[in-house]
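Colleague: Thanks for sitting down with me over this one. Could you walk me through some of the side chains, a few at a time?

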Amino acid sequence: MGITARLRHTAFAAAVLALAACNDKPAEEENTAQFAPIDNTQEVLDYYAAHPEFFRFKTPADIPADLVWEDGQNLSEIGSPNAKKGGTWTERLQDFPRTLRLVGPDSNGSFRPFILDYVRPNFANYHPNEFELYPGIADRWAVDKENKRVYLHIDEAARWSDGEPITADDVVFSFFFFQSSYIVQPWYNDFYTNQLTGVTKFDDHTLAFDMPAAKPDMAHNALTWSPVPEHFFKELGPDYPDRYQWRFVPSPGPYILDDGGLQKGRSVTLKRVDDWWLKDRKFYKYRFNFDKLRFIVIRDTPKAFESFKRGELDRFNLNTPEYWYEKLPDSDADVQDGYIHKVRFYNEIPRPSWGLWINRAQPHLDNRDVRVGINYAANWDLVIEKYFRGDFVRMRTTADGYGPFTHPTLTARPYDIDKAMEAFARAGFVNRGPDGILMNDKGERLSFTLTTGYERFKDILPILKEEAAKAGLDLRLEVLDATASWKKTQEKKHDLQMVAFASQLEMYPRYWETYHSSNAYDLPFLADGSVNPNRKLKTQTNNLQSIAIPELDALIDQYRFNDDAEDMKRLAFQMEEILYEDASFVPGWVQPYYRVGHWRWMQFPKGFTTKHSRWEYQHFVAWVDEDIKRETKEARKRGESFGPAILTFDQYKSEVE
């Protein structure tokens, strides 16, 4: 197996069949019983030996003596000293998770953050208020920019949730794991080969990672990921997607899946690790306060809201105008009596890329004039005015919210019927049919399917359809469940998709994953640079527009391996200008805050939550006050009021948005 791992694809049906076959046995028991034992120890050692340029083994004497070590202890505490431990936090899941794997087919679902992103410490993590690194699995680190290397020391107290120590061997093995074709995850294969280009073990707790460039946020790129336990993946092999489908991966974090925690199709319950190794440490001791996290599957949003109103869910997403203004108005009795609190919180994060993603591989959508016309025919301003009640603003670029790395002057094309029809005419769509939709000389209608998997935003689509028809464009509306919609998009079978990527908290935007031709086609261009006439679409990537532009590829490659912040800004602006001209993304809206309703017993730090949060629960700074819970329920029965709590926290409000 080469270091650039071979990519394989597992049929989607396999995951579905695996889920259907589940019974009430403990997940790990049912998953291990059907597979023969494997021990990959020798395979792993052989892999290391075959790639000595990547895997290096040295001694502590080889660690440079002049390194400047950092530990992030100068940063502020996270959470509140008033936090109380205990209780259960109950939240809704729209779909039951399709797997407990952290990577591989079907792993990137809505449940994964609760067993990975939000709860597993990385080697180091971005502070959610100060945007600098604080320690996690590593208790200190050092950056050697000259040699493009980051050193780290693993905290010697670090433990997996099954009690095993976390060591340098786990970290080295993690590169074997992430480079392996077994995991069926192209992004990981690429990142852990080309963005982290070597690992050196010095002793059981000290390592170094090599990088292709000394980027401005070099330490972030090297340290904001979490290793995997070598002992748990001794059976990693070709059947990984099935073998590990329902096995909970031991975690360095505070929560585990215990026996009985997985009720197939109904709920998932995580419990706090009894003696978590980070529980008394700075940055962690006032967080992860709940004894249990209980996730109930409620597929229908109105039913989920009813459960919230009955007190069965502790909080509810009120982002959509329907729920903020109508379903839970300020005049609601539970709000007026203070049992339920309504909160608007202005956050500071790279903004999710809400908009229309146009698949250039579909007939007529490969014509730039058609795509330009679609941009002018999309009346997002009316959507913002009518659907969002004027609360949100128009997105400008593909990468809003990155400060100096966001293009300073570029704006989205406005709704303009005349300009839309001029563009459609250039593409040959001149005459209107009897229904008002434009047609070309072959009698083909200017008609495309607009798909979304966001049931809560379904009422946006009729507005876009009605306004587009005025410019002669027919949008056939398709609202699928989230899984089916994303599957269609990942297979590149969509025309237009209304969706968003939730960007990570980073200094600058990424472009390779979404816009490089290597993520659009298997072999996009021939050796002479011309388009490969036999190229095939590459599925299961984030290049949703099937973009393949040589000039853009060249800029992405420069940007990806650049170590100068000013030069990266220049490249980012150039790439945004190319993407604007390509017109395969129609910017939608930006939401500068989030809105949530929560029961009074959910308590929060002063200021509510963290600056760089997508939701109030992301960094787990809240807690349940059982005394207030009893008080609230008793007062509600007696009809006693605490007075309304309709709160806005705007301490992080941007002047731009």
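Colleague: Which backbone oxygen does the side chain of T489 reach?
Modeller: This is a predicted model, so all I say describes predicted coordinates. T489 belongs to helix 15, residues 482–490. Its relative accessible area is 0%, so T489 counts as buried. At a distance of 3.0 Å, the T489 side chain reaches the backbone oxygen of S485.

Colleague: Which residues is T489 in contact with, leaving aside neighbours within four places in sequence?
Modeller: S485, whose backbone oxygen the T489 side chain reaches, falls among the neighbours within four places that are set aside here. The contacts of T489 that remain are H494, Q497 and L544.

Colleague: How much confidence does the chain average in pLDDT?
Modeller: One stretch needs care: over residues 1–29 the pLDDT is below 50, although the stretch has 59 contacts in the model beyond near neighbours in sequence. Where pLDDT is low, the predicted coordinates should not be read in detail. For the chain, 95% of the residues score at least 70, and the average pLDDT is 93.

Colleague: Why is the pair of F175 and W225 called edge-to-face?
Modeller: A pair of aromatic rings is described by the distance of the centres and the angle of the planes. The centres of the F175 and W225 rings are 5.4 Å apart. Planes over 60 degrees apart count as edge-to-face, and the F175 and W225 planes stand at 80°.

Colleague: Where in the chain do the two partners of that pair lie?
Modeller: F175 is in helix 4, residues 168–179. W225 is in the loop between helix 6 (218–223) and helix 7 (240–243). The pair therefore links distant parts of the chain, and F175 is buried at 0% relative accessibility. W225 is also buried, with a relative accessible area of 5%.

Colleague: Which ring does the charged end of R535 sit over?
Modeller: There are two arginines to look at here. R600 lies over the face of F642, 3.5 Å from the ring centre. The charged end of R535 is 3.9 Å from the centre of its ring, which belongs to Y521.

Colleague: Which residue forms a salt bridge with R560?
Modeller: Side chains of opposite charge can pair when their charged atoms come close. For R560, the closest N and O atoms of the bridge are 2.3 Å apart. R560 is in helix 17 (residues 550–560) and its partner in helix 5 (residues 186–195), so the bridge ties together parts that are 370 residues apart in sequence. R560 and its partner are both buried, and that partner is D190.

Colleague: Is E235, which meets R247 in a salt bridge, buried or partly exposed?
Modeller: The bridge of E235 and R247 is 3.6 Å, N to O. E235 lies in the loop between helix 6 and helix 7, and R247 in the loop between helix 7 and strand 10 (255–263), so the bridge ties together parts 12 residues apart in sequence. R247 counts as buried at 6% relative accessibility. E235 has a relative accessible area of 22%, so it is partly exposed.

Colleague: How many residues apart are R360 and D582?
Modeller: Their side chains meet in a salt bridge of 2.4 Å, N to O. R360 is buried at 18% relative accessibility, and D582 is buried too, with a relative accessible area of 6%. R360 is in the loop between strand 15 (355–358) and helix 11 (368–377), D582 is in helix 18 (residues 565–582), and they are 222 residues apart.

Colleague: Which residues do salt bridges with shared partners join into one network?
Modeller: A search of the whole structure finds 45 salt bridges. The pair of E235 and R247 is one of the bridges described above. Through shared partners, the network joins E235, D239, R243 and R247.

Colleague: Is W589 buried or exposed?
Modeller: W589 is found in strand 23, residues 589–590. With a relative accessible area of 1%, W589 is buried.

Conventions:
Residues numbered from 1 in each chain as written. Heavy atoms only, no water. Phe/Tyr/Trp six-rings, centres within 6.5 Å; stacked < 30°, edge-to-face > 60°. Helix = DSSP H or I, 4+ residues; strand = E, 2+ residues; numbered from the N terminus. Buried < 20%, exposed > 50% of the residue type's maximum accessible area, 1.4 Å probe, protein only. Lys NZ or Arg CZ within 6 Å of the ring centre and 35° of its normal. pLDDT = per-residue confidence, 0-100. Contact = heavy atoms within 4.5 Å. Salt bridge = Lys/Arg side-chain N within 4 Å of Asp/Glu carboxyl O. Polar contact = N/O pair within 3.5 Å; in protein donor to acceptor, adjacent residues only side chain to side chain.
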